[in-house]
Amino acid sequence: MKLVIAVINNDDSRAAITALTGRDFFVTQLSTTGGFLLVGNTTLLIGTEKERISELKDVLKQYCRKRVSSAPTVASLGRNMLDESVEETVSVGGAVIFELSVDNFEKF
């Protein structure tokens, strides 16, 4: 048994969760914040059999795409987000996946 922790962009979360649950994966959704732009993310906790890990990753690759975004930098926050705020273009989206082995799993 495996526990996959996947950190994905909020914009991708609804489609990814729908696709995962449609394939009978058990998904728990957590709202999280982090990264360079301190934007909202969704962290998914997904318990699955070891044999289904590649299927799970394929679904996440399909629904969690990288894209370019521009937003005020952290340095701009001290300027009260005025029009002259410095913007930074960064790549967002995709997925960060942690795969953990689970010794015991019970559902009741």
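1. The largest nonpolar core of this predicted model holds 15 residues. Ile8, Leu20, Leu44, Ile46, Leu56 and Leu60 make the most contacts inside this core. Four elements each supply at least two of the core residues: strand 1 (2–9), helix 1 (10–22), strand 3 (39–48) and helix 2 (53–63).

2. Leu56 is one of the core residues with the most contacts. Leaving aside residues up to four places away in sequence, Leu56 touches Val4, Leu20, Phe25, Ile46 and Thr48. Leu20 and Ile46 are themselves listed among the residues with the most contacts inside the core.

3. On the overall layout, the protein chain has two helices and six strands. Read from the N terminus, the order of elements is β-α-β-β-α-β-β-β. Among contacts with a separation of 6 or more, 66% are between residues 24 or more positions apart.

4. On burial and surface, 31% of the 108 residues in the protein chain are buried. The chain exposes about 7,200 Å², and carbon and sulfur atoms supply 51% of that area.

5. Thr42 deserves a separate point. This residue is in strand 3. Is Thr42 buried or exposed? Its relative accessible area is 2%, under the 20% cut-off, so Thr42 counts as buried. The side chain of Thr42 is joined to that of Asn10 by a polar contact of 2.7 Å. Not counting residues up to four places away in sequence, Thr42 touches Ala6, Val7, Ile8, Asn10, Ser13, Gln29, Leu30 and Thr32.

6. Lys57 lies in helix 2. With a relative accessibility of 31%, Lys57 falls between the 20% and 50% cut-offs and so is partly exposed. Which residues does Lys57 touch, not counting those up to four places away in sequence? They are Ile97 and Glu99. The C-alpha atoms of Lys57 and Ala6 are separated by 9.6 Å, with the two residues 51 apart along the chain.

7. On aromatic rings, how many aromatic pairs does a search of the whole structure find? The count is zero. Phe25 does have a charged residue at its ring: Arg52 lies over the face of Phe25, 4.0 Å from the ring centre. Phe25 is also one of the residues that Leu56 touches.

Terms used
Residues are numbered from 1 along each chain as its sequence is written. This is a predicted model: local features need pLDDT of at least 70, side-chain atom pairs count only at pLDDT 80 or more; totals for chains, interfaces and linings use all residues. Side-chain values use heavy atoms; hydrogens and water are left out. A nonpolar core is a set of buried Ala, Val, Leu, Ile, Met, Phe, Trp, Tyr and Cys residues joined through side-chain atoms within 4.5 Å. Buried means under 20% relative accessible area, exposed over 50%, partly exposed in between (1.4 Å probe, protein chains only). Contact means heavy atoms within 4.5 Å. A polar contact is a pair of N or O atoms within 3.5 Å; within protein, one must be able to donate a hydrogen and the other to accept it, and residues adjacent in sequence count only if both atoms are side-chain atoms. Rings of Phe, Tyr and Trp (its six-membered ring) pair if their centres lie within 6.5 Å; planes under 30 degrees apart count as stacked, over 60 as edge-to-face and the rest as tilted. A charge sits over a ring if NZ of Lys or CZ of Arg is within 6 Å of the ring centre and within 35 degrees of the ring normal. Accessible areas come from the Shrake-Rupley method with a 1.4 Å probe; for residues, only the protein chains shown count as cover.
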